[in-house]
Structures are given as structure tokens and as C-alpha cells.
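This report goes through a predicted model by region.

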Amino acid sequence: MVLNSLDKMIELQKNTANIRNICVLAHVDHGKTTLADCLISSNGIISSRLAGKLRYMDSREDEQIRGITMKSSAISLHYTEDFEEYLINLIDSPGHVDFSSEVSTAVRICDGCIIVVDAVEGVCPQTQAVLRQAWLENIRPVLVINKIDRLIVELKFTPQEAYSHLKNILEQVNALTGTLFTSKVLEERAERETDSQINPNSEQGEQVYDWSTGLENTDDSHLYFSPEQGNVVFTSAIDGWGFGIEHFAKIYSKKIGIKKEILLKTLWGDYYINMKAKKIMKGDQAKGKKPLFVQLILENIWSLYDAVLKKDKEKIEKIVTSLGLKIGAREARHSDPKVQVNAICSQWLPISHAVLSMVCQKLPSPLDIASERVEKLMCTGSQTFDSLPLETQALKAAFMKCGSEDTAPVIIFVSKMFAVDSKALPQNKPRPLTQDEIAQRRERARQRHAEKLAAVQGQGPMDPTRNGDIIETSPQEEPRGDEQQVESVAPNSAPQEEDSQESFIAFARVFSGVARRGRKIFVLGPKYSPVEFLQRVPSGFSTSPDNLPTVPHMACCTLENLYLLMGRELEELAEVPSGNVLGEMPQLVKGMKLLNQADPCVKILIQETGEHVLVTAGEVHLQRCLDDLKERFAKINISVSEPIIPFRETITKPPKVDMVNEEIGKQQKVAVIHQMREDQSKIPEGVQVDSDGLITITTPNKLATLSVRAIPLPEEVTQILEESSDLIRSVEQLTSSLDDGKNTQMIHQKTQEKMWEFKRKLEQYLTGRKWRNAVDQIWSFGPRKCGPNILVSRSVDFQNSVWTNAAGRTSQAASRYRDLGNSIVSGFQLATLSGPMCEEPLMGVCFVLEKWDISKLQEQGASDNHNLEHSDVVGEGQQGERSCPSGDENQELPDGHSEASEKRTSQKGEPSITDCYGPFSGQLIATMKEACRCALQVKPQRLMAAMYTCDIMATSDVLGRVYAVLSKREGRVLQEEMKEGTDMFIIKAVLPVAESFGFADEIRKRTSGLASPQLVFSHWEIIPSDPFWVPTTEEEYLHFGEKADSENQARKYMNAVRKRKGLHVEEKIVEHAEKQRTLSKNK
């Protein structure tokens, strides 16, 4: 039975100081949803017996089947403590790495979080990730160490061993927190130093900072987890119990006679009790004494478990009596010891009281929001709060006040959208009948039944037609009953499309004002710019919202329905005050658009073949999206291809050893040279290749010549380029704006500092003779102008740089070169977007434009101008000498041709003549692309595979099977260490994404479920084998044979991608068919 009505929840929403918006964060399978079940059962929403088994917050069928949470779900709970009533908006989030985006949506609208850690497994990779996420979002965490029962039942720890183990877990979590704190302080110190360098005359510039400045002066004691501070609770959610040391401090202060405050400080730590003196002493380990935590707390819990597991009825009765508990007869007789433990412990140490009490005391209300967090919420991407207009910055005060007055601005933050069946909406649910209506229905049914019986008995089987008429017409005599029947049938008779509708609800939080149904609000998209709004809508401009000028990424809409989120249920609301979490339904859409709306982490691409590509975070995430498409959104059968794996193409330095690890000597070089000549024979005609890989190529009309060289970038530079893609995009946008002569707004100081810091890092790694002045000469980044490849211009005639626009040249020459230069850059972008091996993007390649000769183009332009000056005298005769078809038209219209030629000479420096090869800009694009591809092909080409880091926890029994699965799938073990105090091993490995499909299932099957991997994308790694390799040296011929048909991993991947894209693949389908024979049958 639900203990609280909707009216009670609405009343609690108005007291902002007593609202707690919290989320539960943890690694997968550490017990988040089970803990949420226990907290929900305290409100009577589900039975306490079903807590942990029902998994109430996992409402999807695939969540129940897999046993993992896949989406964030919210529920509102009521809790009373010391006559104070609290409203707790609890959000359960996934722990699987594929659904990290769902964790972000939960964290963004909360003020605090519960970090759950498994007492056996301890701190795991996703624990670190969620703790870091909570830190970055500036929300306050509390710690729940769950599954304490496993230390008793599975690991058979003594209380002393369990205490040491729990201490280690606490130290690990605090070490992570300390690392985050230190990095933050050092970042702030670095910012102060930067400011002091920019403003040397300021007071800050006169101070001297060392590495420890800030760390010594900043108080960080409140950041760490410690039971004595009350921000740590020890639980067993599956058995329904949990405690903080405050609970035992109250009990023992009365029993022993020691003050509660002293016990709070000494129940955790190296303290023991001298029972004779009734004093608490320090140094339990040195004197061989039991710590207070072991003696007064753990030993009692251990003795209870021992009695129940050994089925010692006398001891159980004694414990129950001493604790003053009442156990039902059903639980007392039950054969499963877990049921008895749950019945006793859930009364003695109720988990809901321990956790919710800690939440109410230690986590902040919406009124205590930090200013840093507000600034982060108001900014998007790389934007800073200082760069926002003053009018926008003024809204910070409304965030901080969190007021519910009518005058307060209404600010609602939408974290995500989630889909629900339209039938599940409160307004579409059938209204529950009152007792009077049930009685009336019953009476009408009795009357109809009596009439049917009378008709059957009176007429008998003689007149079936009349009998049928009576039965059919009898409902018409009862119009109310007929109406009721129509109501019950209506949902089935409605159109199928309407029944199958999915409604989308916004998962949101009110930060200021009151959200009321029917109120008009502005919806601001992620790309909305307040600067652009102020430019289009001048200050002091007043009109109705509907008549405002159109502003990009801003729309006006009306709040239609507001809902209180109650796990699997929704309750309709008229208004929601500030500080509360709510659901809001603005509109309904279909198919893949719905999926993208429901899961922002999904990207949808449409290929040239017409295929729709879903880009997801991992295998489990992909399967969930496909299930949603088939069953909820599109509701059609979908033909699904094999997963598309991304690769990258790159080049490396020439190898020093061959495939049999023999140093390439003089004798072998002969064969290698022959191979190089064969490779060069693949280069198209008209392309010159120097010995050092310089490609010289001419445009089809022979008017321009380009010389391009490809050089592999150092790994550090590639990594910097990948990490700085947003910054590179802003640099490119600024440069293109300056080149086009547009007025751009001033760059914010911090953005400018980041740009120069980025340039300094590149200069640090690009050193040596071949990289001299390379950073200053960077012309563009690619692909898409923000990728991990660079174009360097060393042309003497035209020196452009991405850092500054083309300045210092005469305007005419600058304009001509710049316009042609855009074509060169476009060719570079196309070349880096699809490489020559399998049309995959390039990575870690620098293209150097050594020479750019357009002297013939200038000569042709001069001669054209000369011809045009004499065109009136000479007539049409000279025009007839043109080789292109367009010359015939020009013969007929000499005047028109003259005007067109003048226009062409004035446009972007293109040649005045029209040749049969098309526009000159297009020729330059194609030539530059071809030059880049050829420059790649004359270097050793390699494929780059996306790699996962794989964290596996397994016992020593199944370690060999784990290694077998890893080696079969091209995995590589990096580290193996034993978890202290357990028989569990932690294996860290890397695994290609291409080999990861089905990996988790296979490893579970091979280890009988004792090992479970966690896969996280890590980096791109070069596959060492050459996809085009053939044996060339004697040793290689001896080792691999003439055909060298052993499996080449890089070639296998390359051919698979080429087949998928419909490109030519060099492979023999049948070999030696004439030798084929039929094997004799077994007799």
C-alpha cells in the first residue's frame, strides 16, 4: 500500500529547503537498483519482500532479462526525521559503460549523489568514472559500501579481516578524491600564474608560487569520506539492512555511559575500549586489541549471520528477544536463511533509514547550489561564463535564489527526453470506479442475466430467432450500461496507429520560478547564442512571444502536461515549483527521429547507398537501440547488417627489418627495390615520383603544377590534435572569417590563451630539420577542418597560415592566391576524408605542399587579355583555333565572349578561357586530392584499428580461459594484479573493437559467468602488418612460401571494408580447380 498521496507530494514540493535531488552512481552490478528498491519499499510503493528481486526502476523488458540498468529513471520519495518532512527525488542510473550518457543526464539535474561500491570488488573503472563525473559537475557525494554480506557468506572473513578490507576500500575512494582535488588546485594555480604573466603589474604578479601553494592553504577535510563525518553507510541491500556509525553511537552511549560525540569520533579508527576503566584508548593494533568498530558493531552482525546460517534456533530467539524485535511465523519457519536474515536485520538496521537519513543530513538542498555549477550550466561547449552578455550573466542570481515567486524568471533545464507508451499517460488511463458505480454495474449485470434466463425458460428452444433478438436488444433498454460497454471497447476499436503512439517526455528540473500548465516558454537549443539573440532583438524591444524575430535554435512553445515521475508511473500535476524534478510532454514524432530524441548518444547517418547507419556507444547499447526501433518507434521488421567498424589510414617510417625480423641488407634491397618499382607502376601516368617520396603532378589543362610530400606525424602530435578538435574548429572559423573580410567579434582572452598554448605544444613536439617552421606554416587541419592531419604550405609564392590570415601581400595577388588556395585546401580535405586503402579517414599524416607553380596560368591570362584587346581587329578567326567545343559558340558571339571573358578574369583568379576540363578551381581540387593520395601510396601504408581497454575481474580458476579468449580475439594483456584480501584477479588488456562483438558473451560462457568484462574505448593503434605485403627476400620466401597465403590481419580488415563499400578486392575465389576431386565415401 502506498503510504503517501499525490496531494502530500505536491505539498512537499513547495518547501524547497527540504527537497533533495539525488542520483545513485556505481559500477555495473554493484547494487544500485537493489538499493533503490529498498528505498522505494520504505514508501510502500513495493513490498519489502520483493525489494531486490523486482528491480522496480528497471521497467524495460531487456533490462529485466539482462539484469542491468540501461536508462536513468526517477521517483519521488517521502521521508520523515525529527519531525521534519523531506521530499527526495531519487534517480537510478546505469553502471554499464555503454550508457555513460545516461549517467550524465542524471548528474546534471541533481545536487548530490550516492556512490555505491561493492565491498568485495572495491573501486572499479566505472566507480572512478562516476566519481570524476560527480566532481566535475560539482555535486556533493556520499558513500554506500554495499554487499557486506558477501564478506561473511562468500569470502568467510573474520570481523577483523572485514574491517581491514573496508578500510582499504575507503582509502582507495579517498585517494581518488584527493587526486581530483589536487588537480583542481594546481589548475587554479596555473591560471593565476598565466594571469600574472599577462598582467605583471598586478599584485598577483609579485607573488611567487611553488608546487604546494594552494594545497597547504585549502581545507579539503570535508571532501573525503569518513564514517565519523556521517557520509559513509555500510549496507547489504539484498538482505535489507544498513547502518551508519551514528546509529550505534546512540545505542552504546546509553549502554556504556560514554558520550555520543566521543563515540562518533572513535567508533571508526584505531581505538579500543578499556571495559574496566570504561575509557576509550588509542592504538589498538600496537596493543593487540580489537577496534571499536569490530568489537561493538561487526561482531554482532557476524554472530547473527552465524546463528541463522547454522540454524541455531535458540541463539536466534535470544538475539531477536534482546533486540526487541518481532519475527513473523512464516519467516521463522522458512528454510531459506536469507529470508530470516532479512526479517531480523530489516527491523534492527533498516537500510532506508540509514541511507535517507544520511542523504537529508549531508546532501544540499536546491537552495545551496554552487556558483561554479550555475556558470557551467549556463555555458555550452568551450564557452566561458565571462564571455556571455551581461544580460545573460544576470540570470545567475535567479539560479542561486531558486525562488518560486510569480515575478521570478522561469528557468527549466531539460536533461534528456524519454519515451513512454501513450496508454501509460495519466490522462489516458481508465479512471478507477467508485463504490457506487461498481454497485450500479453489478445490479445492471444481474438484471441482464435474469432477463436472459427468463427469455430462455419462457420461449425454450422453439424460437431461437426471437431469443437472439431479446439478447441483442436488451442492452438498449439500459442506456447507461451500453455507454459503459462502449467505454471499455473503445481502446480496441480505435485506429491501430493511435494505440501504438509513443509520447516523449522531457526529463527536466525547475531551477527558478514555477512551471505551470499552459504557460508559454522559450526553448533554447544546445547551439543557441545569446549574442545572436541580442543582435536580432534590440534592448528595450517589447512584443508578444509569438511576434519576436526569428532567432536560430530558439522556439516558443506552451507547457502542455506536467508529470511527477514515480518510477514506472506518472502522476499529472498542474504546476511545479523551483528545485523539483519533473516530466514535461511537448510533442510527438516518429521512427529514427524518435530514437535520436530518446537517446542523444545515438547518431544517425544516411549513406549514399540509402542505408541508415546507427552510431552507438557499444554492443549492448546498439542492441537496445535496435530493439527500440523494432518494437517501439518504427514498429517494422528491420534488415540489420553486420556492425560497421571504423578504421583509420596512416603512414609509417620505412621498416628496418623484414617480416622474419632479419635486418634488411644489401642483398635483400635488390628485391625491395623491385617491389618499390612494382608499387610505382601503380601510380597514374603524368605523376612524377622522387626518391624521397615527393609527388609532382600537373592539372589536366597543364596550367598549374603541385609538389606534395606526405610525412607521418609523431604520436604525441596526433593525440594533441585529437584532443583539441573543438579549439581547432574555432581557429579555422576565425581564419576563414578574416579571409572573407567579415567583421568577427573579438576572441575571448581565455580562448586566445588556449590557442597559443596549443601552438606551443605543437612546436614542442615538431622539432628537427624536417619540421623547421612547420607549425607557423600550417595551412589547414583535416578532415572537416578539425581532424588529426595537417597541411603545411612551403610555397615561396604564397605563404598562408592558419594562425594569421594572408596578410602583407598586395591585395590583387593575395586575392588571386587565396581563392585558388581554397581549392587546394578543399582537395586536402577530400584526401584526408577517404584514404586510398579502403576509403577510411586519415590520421596522423602531414602533407607538405613544397611547390605551387601557376606561372603558366599567369602567362595564359596575359595572352588572353592581349587577344581580347585585338579581338575587334582580328575578328573571329583567332577564336576558331580553340580546341574545346565551347569555341564554336564563341565564334558566333564575339562580343558576348569578350564580356564573359572579362567576367571570368575578375572572378577568383580563374583562367579567362573555358577549356574542356571544366572550371580551374575544380581541376585544382581534383589534382590536390590525387597528389595527396599518390604521396601516401609511395610511403609504407598502415591501417589503424580502434582499441578498447578491457577490465576483467576473475578468480584464479578461470584465469587461463580468460587469456584463451583474449588471445583468440587479438587481445593483449597489459597488467594482471591480485585484489588484496580476495582470490580475485584484475586483468587489464587492450582489444580491437573489430574483435569485440560477442566477446562479453563468449567470456561469460567460457568462465561459467565468473568473469565479466568492461570495455571502454581507449585509443587508435597502428596494426603493424603491411596490408600490401608480399614476400621479397629469400628468408621471407622460405618462411612464408611463394603465395604467402597465411592470414594477414590488416589485409583481412582492409578487404572486409572494401567489400562493404563495393570497392574492388584482389582475391582469388578458386585456385587449382582442375585438381579438385571427390573424396571417397566412408564405408
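Ile790 has Cys846 of β27 as its bridge partner. The model is predicted, so local features need pLDDT of at least 70 and side-chain atom pairs count only at pLDDT 80 or more, while totals for chains, interfaces and linings use all residues. Residues are numbered from 1 along each chain as its sequence is written, and side-chain values use heavy atoms, with hydrogens and water left out. Helices (H or I, at least four residues) and strands (E, at least two) are DSSP runs numbered from the N terminus.

Strands β26 (residues 789–793) and β27 (residues 845–853) pair in the parallel sense over 4 bridges; two strands pair if DSSP finds at least two bridges between them. Both belong to an open sheet of 6 strands, ordered β22-β23-β24-β27-β26-β25, with mixed pairing. At the edges, β22 (688–689) and β25 (778–782) each pair on one side only. Helix α35 (residues 920–937) packs on this sheet and touches β23 (695–698), β24 (705–712), β26 and β27. The direction of α35 makes about 40° with that of β24; axes are lines fitted to C-alpha atoms, for helices over the stretch in contact, and angles run from 0 to 180 degrees between N-to-C directions.

## Helix pairs

Two packed helices are described by the angle between their axes and the distance between the axes. The axes of α11 (residues 292–309) and α12 (residues 313–323) come within 8 Å and cross at roughly 140°. That makes α11 oblique to α12, because angles under 35 degrees count as roughly parallel, over 145 as roughly antiparallel, 65 to 115 as roughly perpendicular and the rest as oblique. The α11–α12 crossing is left-handed, meaning that the near helix is turned anticlockwise from the far one by less than a right angle; clockwise would be right-handed. Ser303, Leu304, Asp306, Ala307 and Val308 of α11 make the contact with Lys315, Ile316 and Ile319 of α12, where contact means heavy atoms within 4.5 Å.

Helices α36 (residues 959–968) and α37 (residues 999–1006) pack at an angle of about 150°, their axes 9 Å apart. That makes α36 roughly antiparallel to α37. The crossing of α36 and α37 is right-handed. On the α36 side, Arg961, Val962, Ala964, Val965, Leu966 and Lys968 meet Phe999, Glu1002, Ile1003 and Arg1006 of α37.

## Buried and partly exposed residues

Helix α4 (residues 100–108) has Glu102, Val103, Thr105, Ala106 and Val107 as its buried residues; buried means under 20% relative accessible area, exposed over 50%, and partly exposed in between (1.4 Å probe, protein chains only). The elements covering them include β1 (19–26), β3 (84–92), α5 (125–136), α16 (371–378), β10 (411–421) and α25 (619–633).

Thr16 sits in the loop between α1 (6–13) and β1. With a relative accessible area of 10%, Thr16 is buried. Apart from neighbours within four places in sequence, Thr16 contacts Ser365, Pro366, Leu367, Cys402, Ser404, Ser578 and Gly579. Arg760, in helix α29 (residues 749–765), is partly exposed at 42%. Arg760 and Val775 are 15 residues apart in sequence and 9.0 Å apart in space, C-alpha to C-alpha.

## Cysteines and chain totals

Cys379 counts as buried at 15% relative accessibility, and Cys786 is buried at 12%. The whole structure holds 0 disulfides, a disulfide being a pair of cysteine sulfur atoms within 2.5 Å.

The protein chain has 39 helices and 31 strands. Of its 1083 residues, 45% count as buried. Among contacts in the chain with a separation of 6 or more, 72% are between residues 24 or more positions apart.
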